[in-house]
Structure formats: structure tokens, C-alpha cells
Amino acid sequence: MVGMERIEQRQKILTARQMGLVACSRCQQVWEKDVSICGRCGHKLVSRDPQSLQRVWAYWLIGLMCYIPANIYPMLQTRTLFYTQQDTIVGGAIELIEYESYAVALVILFASVVIPISKFLAIAFLAISVQRPPSVSHHQRQMLYEVVEYIGRWSMIDIFVVAILSSLVQLKVLVSIYPGPASLFFALSVIFTMISAQAFDSRLIWDEAHGKDEGKAND
Amino acid sequence: MTSSHTSRPRADLIVCPRCDAAFALELPDDGQRAKCQRCGTVLISPRRKAGAQIIALSLSITVLIIAAGVFPFLSVHVVGASNSVSVLETALAFSEGPLVFLTLAMASLIFFIPLLRVLLSIYVLVPIVADKPPARHARWAFRLSEALRPWSMAEIFAIGCAVALIKISALVEVSFGPAFWMFAVLVVLVVAQDSVICRWSVWNALSNDRKS
């Protein structure tokens, strides 16, 4: 393992911002602070994105609003000769438990309930923590951000399951499965929370390590 | 604000994209990784021959993705009635009314975006590995490929398959089509391709004053 040499010996790590530099957030090329467009990849250069938190909250809210109808409306509709059955996300999982397929019920509950809700909480916590210094360390919050970014996509599982089931089980009168309106809201909720997490500038987490005098981007 | 033409990049430094800590650039040995000393993010992980490996993986992924998308993938049988679908057809499940949006989104997430990403990485890497100047718009192509990374969900679709199979295996008899196995291999290759690639090295190879 090779560690990068520190710019300043041992005492303190300098950030690009303190050195009057800005790094491209897409290709990592380092430029002087007054350069506005990255000369290598053409991405806009911002040392700290002042609108970052506003965008995080905006997408967070849309995601949360979509998550409510996603749980109220049916996700799946099963039509057989004799009956039509509509299942919501949680209802479908409860039914699976009744059929004693606990593992699948757990996967569904985890991907569609536990992950989305903890993701809403985690993003809100991270965004608030930038404005108000919390007791949780930078490393833990950085880790939390990475987990949120990584795991958020996995909520799409439920949408894929609905798609596979409803395209596969189309057996005319015997049994047919159709997607319900909740699938649209659920997919939108996942997509908007992913955008919300991406809008968060993780460099903000580390900024207050250097004290308030550096000035936070979100005043 | 000056334009980027008048100012030169600080190629002697590397900045952690996660926490903004700046370090003097020092290239790690082959197979080693350089990490940010503050937050632990991997900054550089060069590997000799990684370029050729990625191109080989990308070519196989391209073939597999097209085949897995089009050929029958799963089929169900219940007393006389049967139905089989391909991966792309599963996306068409949402073709009623406002759910059409989901069809587009799903076809992109599990088929078009993964396909576009491997094509872009072939386009970017072939000239680099062949020691030729970068292809036209290669930087733009790699930038697009990086932006699309979180939206490529082939591996998530694979887990979704497993869940769906368990869910209906009690109800109907399910059998696997040829595309099912292609898709299984595909997912492993997609994950492998993504973990071999060293983004810093690719960007470095795409810059005008590259460090070797």
C-alpha cells in the first residue's frame, strides 16, 4: 500500500480549496481556483457547490412524496379465473410470510422498505450535519455516504421483480399478473433519491474539520 | 474568471474527490493502490495490462448483452399453457398507460445503458492501449460513461430474477432459456470490468501532458 506524500509534513492535511486550487469533480484534474471549466473533460469546476444542499433537499422531497403512493397503491395485480387480487408492497411480503417463504419476504421487505426509509433518514442526516456540527465523526459520515450511494440502486429490485412476473405470467385465462400504479411511484422514488444522493457534495462533510473560518457553502 | 486555455493544470498534485485533501502525486507500483490519507478513498490503482483486459471483457459483454437481451430468457408452463420472454420483453411489461415511462426506464437501466457503457469504454481504451493518440471526443465519451455508472443495473436485475423465480416457482413451472445463462455470465463480467478499471489512469492517458 502506497500512501500519497502529504503536501505539508505530518501536521495537517491541506485541502485543494485552502491551497487556492480546485479539482474537477469528474476527472480529478487540479486547476487554479479561477479556472471555470475543466480543460481536460469540460466539466464545470466548483470548489464547493453552493446549491448542493438545496438540490439534495429538493430531490429528497420529491423522492419522499413518491414513496407514499408507492406504499398505498397496489404493486401487483393477479387475475385468475375466479378472482382478482391486488397486493401492495408490504401486503405482498406479508403474503409471502404466510406461504412460509421467509427468505424472499425478507429480501423484498429489506429492498423496498428498510433500504428506502433508511436512505431518506441517512441523506437528511448528512445534509443537516453539514449545517450543524454533529457528534458523529467525519469518517463515519463519509462511510454512511458511501453506503447510501452504493446501496440506493438496489431498491430497484422490486421493480424488476414486478416486471419479470408480469411479463412472464401471462397465461390467458388461467393466471395473469399485471403491474399496479405503485410500481411507477416506487421507481420514481428510487430514481429521485439516487439523484438526491448524487447531488450531495461529500467534500462538505470534511470542511468543518478546518474550523468555521473557512466559510461554509450553504449560507 | 479566466478560461482554461490561459491556465495550466497542476499535474504534480492529486486531490481526493471525496474530501478535497491535496497530495503530491506519487505513482504507486504496479498492482498497488494509493489511498487518500484522510478519508481512505482509493485514488490510483494502476495495473499493467488492465487496458487490454478491459477491452477483452468489454467485447465479451457486448456480445452477451445483445444475445441475452433478445433470446428467450425464462419460460413458464402450467397445464398446457406456456409463455416465454426475453430480457427486453420484461421491460415491455409496463406498456399500459402512464407505466410506459417505466418501460423506457427499465429498458435503459438493464440493457441500453450497460451496452452504451461498454461500447464507450472500448472506444476510449482501444487507442490508448495501442499507444495511439486518443480517439476523437474520447474525453467526452469517458465522461459520459462515468456519469452513467450508477444507472447501469444489470446486476440488480439478476438478483431481481432470483427473487421472482422463488416467488412464482410454487405457482407455475419455470424453465430457463439460453439467455438466462448468458445473463448470469454477463453480470459477473460487468462487475469484473468495473472493478479492474483505474479511472485516474484513463484520465491521465487522455490528458495532453500525461505522466507515465
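1. Let me begin with B:Asp20, which is buried because its relative accessibility is 1%; buried means under 20% relative accessible area, exposed over 50% and partly exposed in between, with a 1.4 Å probe and protein chains only. B:Asp20 forms a salt bridge with A:Arg48, with 2.8 Å between the closest N and O atoms. (A salt bridge is a side-chain nitrogen of Lys or Arg within 4 Å of a carboxyl oxygen of Asp or Glu.) This pair crosses between chains: B:Asp20 sits in the loop between β1 (13–15) and β2 (22–24) of chain B, and A:Arg48 in the loop between β4 (30–32) and α1 (52–72) of chain A. A:Arg48 counts as buried too, because its relative accessible area is 5%. Helices (H or I, at least four residues) and strands (E, at least two) are DSSP runs, numbered from the N terminus.

2. A word on the ground rules. This is a predicted model, in which local features need pLDDT of at least 70 and side-chain atom pairs count only at pLDDT 80 or more, while totals for chains, interfaces and linings use all residues. Residues are numbered from 1 along each chain as its sequence is written, chains are lettered from A and ligands numbered from 1 in the order in which they are written, and side-chain values use heavy atoms, leaving out hydrogens and water.

3. How many residues does each chain bring to the contact? Chain A gives 77 residues and chain B gives 77 residues, where contact means heavy atoms within 4.5 Å. Between them the two chains bury about 7,200 Å², 69% of it on carbon and sulfur atoms; buried area is the accessible area (1.4 Å probe) that two parts lose on being put together, summed over both.

4. The interface of chain A and chain B has four salt bridges by the rule. Helix α5 (residues 157–168) of chain A gives the most to the side of chain A that touches chain B, with eleven residues. That side of chain A divides into 47 nonpolar, 18 polar and twelve charged residues. Here Ala, Val, Leu, Ile, Met, Phe, Trp, Tyr, Cys and Pro count as nonpolar, Asp, Glu, Lys and Arg as charged, and the others, Gly among them, as polar.

5. Now the inside. The largest nonpolar core has 106 residues, and those with the most contacts inside it include A:Ile159 and B:Met106. Such a core is a set of buried Ala, Val, Leu, Ile, Met, Phe, Trp, Tyr and Cys residues joined through side-chain atoms within 4.5 Å. Leaving aside neighbours within four places in sequence, A:Ile159 is in contact with residues of both chains, including A:Met75, A:Phe186, B:Phe94 and B:Met106.

6. Do look at B:Thr90, in helix α2 (residues 87–91) of chain B. B:Thr90 is buried, because its relative accessible area is 0%. Among the residues that B:Thr90 touches, not counting those up to four places away in sequence, are A:Ala163, A:Ile164, A:Ser167 and B:Phe157.

7. Finally, the other charged pairs. Over all chains the structure holds ten salt bridges. A:Asp201 pairs with A:Arg203, the closest N and O atoms being 3.1 Å apart, and both residues are buried. B:Asp194 forms a salt bridge with B:Arg117 at 3.5 Å between the closest N and O atoms. This pair links distant parts of the chain, 77 residues apart: B:Asp194 in helix α6 (residues 178–196) and B:Arg117 in helix α3 (residues 100–129) of chain B. Which residues make up the network of salt bridges? B:Arg117, B:Glu146, B:Arg149, B:Asp194 and B:Arg199 are linked in it.
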